[in-house]
Amino acid sequence: MQQIAASQARPPFYRDERVLGVISQIVVVGIAVGLLSYFYSNMVSALRNQLGVAINYGFLRSTAGFDIGESLIAYTRSDTYLRALIVGLLNTLQVAILGIFFATLWGTLIGIMRLSTNFLVSRIAAVYIDIFRNIPLLLLLIFWAQAVFFKLPRVQEALILPGPTFLSNRGIAIPWGVPTDSWPTYRLILLVGLILAFVVARLLQEQGKRTGRMPLLTLWFVVTFVVVGVIGWFVLPQPLTLTTPELVGFNTQGGRVFSQQFLALLTGLIVYTASFIAETVRAGIQSVTKGQREAATALGLTGFQTLRLIIFPQALRVIVPPLTSQYLNLTKNSSLAIAVGYPDLFAVAGNTILNQTGRAIEVFSLVMGIYLFFSLTTSLFMNIYNQRIRLIER
Amino acid sequence: MLKGKKIQTVGMIVSMVVGMIIAACLAPAAVPVTSEEPAAPVAQTTAKSTLDIVKERGKLICVGNSALPGFGFLNEAGVFSGFDVDYCKALAAAIFGDPSKHEIRATSASERFTVLQSGEGDVLIRNTTWTMSRDTDLGMNFGPTTFYDGQGMMVHKDSGIKTLQDLNGASVCVQTGTTTELNLADQMAAAGVTYEPVVFETADEVTTAYEEGRCDAWTTDKSGLVSRQTILAEPSAHEIMDVTLSKEPLGPAVRHGDDQWFDIVNWVVYATFTAEEMGITSANVDSFMTTEDPNIKKLLGLEGEFCAKIGLANDCFVNVIKQVGNYGEIYNANLGPDTVFNLPRGLNSLYTQGGLLYAPPIR
């Protein structure tokens with residue numbers, strides 16, 4: 001009796017859907033892995049037999065021998081290729097992080113303007129979006145570099161703005177703090193301040209939940225941090241000294257210089273990506289039903305309050321997933337830096353290192369791996385954020 | 001639910017394992033290459049020789065430049081011309097007896113080696129400097145140097161820069177993927193000069209940045225400076241500094257592993273040197289056909305079978321001289337006194353005239 005039941009439940013394996021499913025998966029994965037490893041071994045044997053070279057990452061430890069125009073860490077020509085690669089990587093991160101930050105602000109602003117009831121404001125936003133969304137990014141970058149930043153006055157005739165800030169076709173030089181001996185200690189104090197600010201905000205939040213009157217958490221967070229920072233500044237002997245740029249010989253010296261290449265790349269990326277983000281924001285806001293806005297108005301909320309407390313939190317759920325792809329795009333698009341002469345990861349590794357070593361496969365696998373890592377990390381954080389803001393159903 | 005998921009997981013693992021096994025069977029050539037093991041350059045005996053491939057295709061593909069007037073330049077009419085282009089034609093003339101049977105595969109400085117290595121081109125003739133690391137690491141063989149160059153530096157005339165030391169604190173524009181990038185770093189370090197390198201991918205971007213005053217100087221091979229100066233907006237506002245940063249022997253290069261093809265490239269270049277040495281030009285080559293001089297007879301294929309030794313028709317050098325010219329003719333047509341460049345021969349004269357051009361004898 002039991003046997004009959006079992007044979008009814010389990011048809012022969014060649015008609016069992018589950019077994020067939022597994023088999024077909026095996027076949028597909030097998031073919032894919034087989035093809036890939038065939039290509040790989042073909043490449044390795046061709047390199048070996050025809051050119052006498054083998055895949056080898058050992059070159060990363062040898063001396064690079066070239067200079068890099070701008071670097072966030074100390075770098076000279078006697079450093080290794082690996083360090084040169086890291087210089088490029090940090091330059092990419094710098095432009096990507098700043099780009100994402102400003103593109104989000106700018107894009108959100110344009111997106112909200114686009115929905116304004118004021119005819120002129122919404123038209124301006126619409127024209128902006130339509131222009132920049134429809135021009136290839138490379139063209140925009142070259143436009144910014146060659147038609148805008150190159151046309152600024154030469155460094156000898158630089159525009160001197162208050163500060164002093166030097167504006168020339170080499171970039172912008174601004175006054176900047178230079179760390180002194182006490183800077184490492186001050187850094188620790190800032191860290192303590194940050195932790196303290198978190199603790200204060202957390203305690204206030206708990207209290208707010210108990211009493212039902214939520215204090216202004218962000219305000220208290222900032223106040224705590226600033227108070228600690230200011231106290232630390234006066235306790236220690238000047239952790240930073242201010243240097244101002246001045247014109248010496250061919251270039252400005254002192255202060256912090258944001259090079260023309262960096263600015264061209266950053267503005268190009270911001271202006272371009274912001275136009276996409278603006279459309280995403282608009283779509284998100286429009287996805288919130290009219291009833292929500294009407295209910296908020298009925299409760300007596302002002303326009304700004306409605307936007308901040310009712311519309312935006314709900315719109316975010318629609319905005320975040322496409323926003324993630326815009327962030328990924330911006331990071332990947334930053335590899336166009338070579339067109340304007342900014343030494344990003346691709347310019348340093350994919351061009352200079354590749355050329356000096358000729359190790360195309362090694363260099364490209366590294367560069368692709370790094371971009372993949374960036375993208376997956378960005379996705380991960382955005383997915384976590386998305387999880388947190390999604391509608392919690394009860 | 002849980003069961004279905006479990007089966008899926010098991011299925012995934014099983015399929016991975018089976019996949020690996022299939023892969024291992026499919027790819028018997030997957031020899032693990034460890035980094036310690038030095039790669040032995042093994043000549044490919046089974047594959048077709050480059051010469052056969054070229055002949056079968058019916059044309060020669062040279063990896064070249066399209067943006068360096070005088071060496072390799074694509075003009076408004078869509079025609080390539082220049083010193084390097086003529087050497088490509090000379091090779092085509094030697095192989096097919098027809099210099100037009102060639103194609104220039106224009107590349108950037110950074111992709112040129114990959115294009116040659118992958119077999120997209122047959123020979124690299126693109127103002128390429130012969131260096132030891134390129135010769136060994138990249139799996140290439142360099143033919144005879146056709147142009148002895150040196151790296152120079154161009155500055156704005158009104159800047160008053162005379163020596164490398166004057167460049168302290170300056171911005172220098174340079175093209176990526178070239179030996180110039182390294183020489184610049186080396187020479188500036190040796191001179192104890194700090195500078196800001198601004199690196200672009202193409203020569204056009206470099207010159208634009210320099211002309212707009214973004215850079216105080218720009219550096220490349222001297223021939224390149226002379227050539228690009230002619231197409232600047234105001235050529236007379238710039239000058240080439242009287243410093244040489246490096247030795248830059250430019251010449252053709254081929255892939256490792258095909259010695260016959262390497263010989264062809266070598267001897268076609270040598271034939272142009274020899275022809276000049278013997279005073280044979282495209283105009284007078286026919287009059288030498290009745291010569292009694294055994295050395296000339298060997299060059300022109302009237303005695304011995306020298307071209308046949310490298311797999312070509314026996315009049316291969318005659319075709320080169322008649323249809324393209326000897327070294328001096330090629331030089332003068334592209335870089336000589338009648339051109340805008342007017343580059344003195346200097347090191348690029350025959351050894352008999354104090355230069356470095358010296359071809360081994362054909363015998």
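## What counts as a disulfide

A disulfide here is a pair of cysteine sulfur atoms within 2.5 Å of each other. B:C173 and B:C215 make one such pair, with 1.9 Å from S to S. B:C173 sits in strand 9 (residues 171–175) of chain B, while B:C215 is in the loop between helix 7 (203–211) and strand 11 (217–221) of that chain, so the link ties together parts that are 42 residues apart in sequence. Those helices (H or I, at least four residues) and strands (E, at least two) are DSSP runs, numbered from the N terminus.

Buried means under 20% relative accessible area, with exposed being over 50% and partly exposed in between (1.4 Å probe, protein chains only).

## How to read this model

This is a predicted model, where local features need pLDDT of at least 70 and side-chain atom pairs count only at pLDDT 80 or more, though totals for chains, interfaces and linings use all residues. Residues are numbered from 1 along each chain as its sequence is written, chains are lettered from A and ligands numbered from 1 in the order in which they are written, and side-chain values use heavy atoms, with hydrogens and water left out.

## The other links in chain B

How many disulfides are there over all chains? The count comes to three. Another of them joins B:C62 to B:C88, at 2.0 Å from S to S. B:C62 belongs to strand 1 (residues 60–64) of chain B and B:C88 to helix 3 (residues 83–96) of chain B, so this pair ties together parts that are 26 residues apart in sequence. The link of B:C62 and B:C88 is right-handed, with 90° about the S-S bond, and both cysteines are buried.

Then there's the bond between B:C307 and B:C316, with 1.9 Å from S to S. Is the link of B:C307 and B:C316 left-handed or right-handed? It's left-handed, with -75° about the S-S bond. B:C307 counts as buried because its relative accessibility is 1%, and B:C316 counts as buried at 0%. Count the bonded cysteines along chain B and the disulfides follow the pattern 1-2, 3-4, 5-6.

## Over to chain A

Chain A is divided into domain 1 (2–51) and domain 2 (81–175 + 244–389). Those bounds come from an automatic or database domain assignment. The C-alpha centres of domain 1 and domain 2 of chain A lie 44 Å apart.
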